[in-house]
Amino acid sequence: MAERLAGPEARMKMSVDDLKFFQVVAASETLTAASRQLGWSLPVVSKRLSALEGRLDVRLVQRGTRRLVLTSEGSLYASGLDSILDRLRELEELVTDRSGELRGSLVVQATLGLGRAHVAPLLAEFAASHPQLQVQLHTSALPLRPHRRTFDVAVHVGSPPDSSLRMRRLAENRRVPCAAPSYLERHGAPTRVEDLARHDCIVLRENEADYALWRFGDLSDPRHVRVRGPLSSNDGDVVTQWALEGRGVIMRSEWHVRPHVERGELVRVLPHIPTPAADIYALLEDDGHVPRRVTELIEHLAARMPGRLGRSA
């Protein structure tokens, strides 16, 4: 009888390990990246993946591609991992710790500029208040990819890219056009949206949007203009520095340019024309179960971020 129970028990133990293993693989760009995060060699990761596929009798990852690409079965398997493992961790916390302390890990994703300036300090505060938590911040200029979950919470500027995500507004924000006084002295200030087409505009190449199409107005009166200029970058700080040097007009988040405007280093152009909202949101999977550490982090961000940005949400 003991031998007959050993097999199922071993498979049950391995199944939890497999979930944790494939969660890392599914969130990685390559198997090499997964091996680094796991602390294993690439051959060990490849062998473990093949063994998992053999037990499931399905192919989870497409072979022969530079980047890690999940098969349809791999995507289906990965889609359920996070909620299952979150529930297991929550259950473990309930039965092992009655103190109410937050435990486990939190992975937060944010854009480079907002992540460095505001999300990082707020995460440091939160971690200091909850010493049993492991908090990771990933900053990136790449677009958010909700279909491959690599985060517990994503801090996103503007409309969420996927309506299936749950969201909580953290702070109000708009993207506003501005330029240095030296540029406006040489070229004059635009008085109409259409005038921007004749100015040197410095575009920020972020996400996968049409970055050269600048939007104005509101839902009742949307307006836009296609801009051009000799300079562009995917780094928001570089774009702002070029504007400070008088090299052109930029369209940046209000939270980012406000200090420069207040010091007179940049001047709002077309201030009489409204710009669409680009509010700051916390995004998370809408899977019906949100761990307490996630909800408390979001409450912390919602309470503290508006004050850092200089306005209330």
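User: Which residue just after H9 takes a positive phi?
Analyst: This is a predicted model: local features need pLDDT of at least 70, side-chain atom pairs count only at pLDDT 80 or more, and totals for chains, interfaces and linings use all residues. Numbering runs from 1 along each chain as its sequence is written, and side-chain values use heavy atoms, without hydrogens or water. Helices (H or I, at least four residues) and strands (E, at least two) are DSSP runs numbered from the N terminus. Just after H9, a positive phi of about 80° is taken by Gly-264.

User: Which residues of helix H9 are buried?
Analyst: Buried means under 20% relative accessible area, exposed over 50%, partly exposed in between (1.4 Å probe, protein chains only). H9 covers residues 254–262. Its buried residues are Glu-254, Trp-255, His-256, Val-257, Arg-258 and His-260.

User: At what angle do H6 and H10 pack?
Analyst: Axes are lines fitted to C-alpha atoms, for helices over the stretch in contact, and angles run from 0 to 180 degrees between N-to-C directions. H6 (residues 112–129) and H10 (residues 292–309) have axes 10 Å apart. Their angle is about 130°.

User: What does that angle make H6 relative to H10?
Analyst: Under 35 degrees is roughly parallel, over 145 roughly antiparallel, 65 to 115 roughly perpendicular, and the rest oblique. The angle is about 130°. So H6 relative to H10 is oblique.

User: How many disulfides does a search of the whole structure find?
Analyst: A disulfide is a pair of cysteine sulfur atoms within 2.5 Å. Cys-178 is buried at 0% relative accessible area, and Cys-201 is buried at 1%. The disulfide count is zero.

User: Which residues does Leu-137 touch, beyond those up to four places away in sequence?
Analyst: Leu-137 lies in strand E2 (residues 133–140). Leu-137 is partly exposed, at 29% relative accessible area. Its C-alpha atom is 8.1 Å from that of Leu-123, 14 residues apart along the chain. Leu-137 touches Val-108, Ala-110, Gly-115, Val-119, Ala-120 and Leu-123.

User: What percentage of the protein chain's residues is buried?
Analyst: The chain has ten helices and twelve strands. Of its 313 residues, the buried share is 40%.

Key:
Contact = heavy atoms within 4.5 Å.
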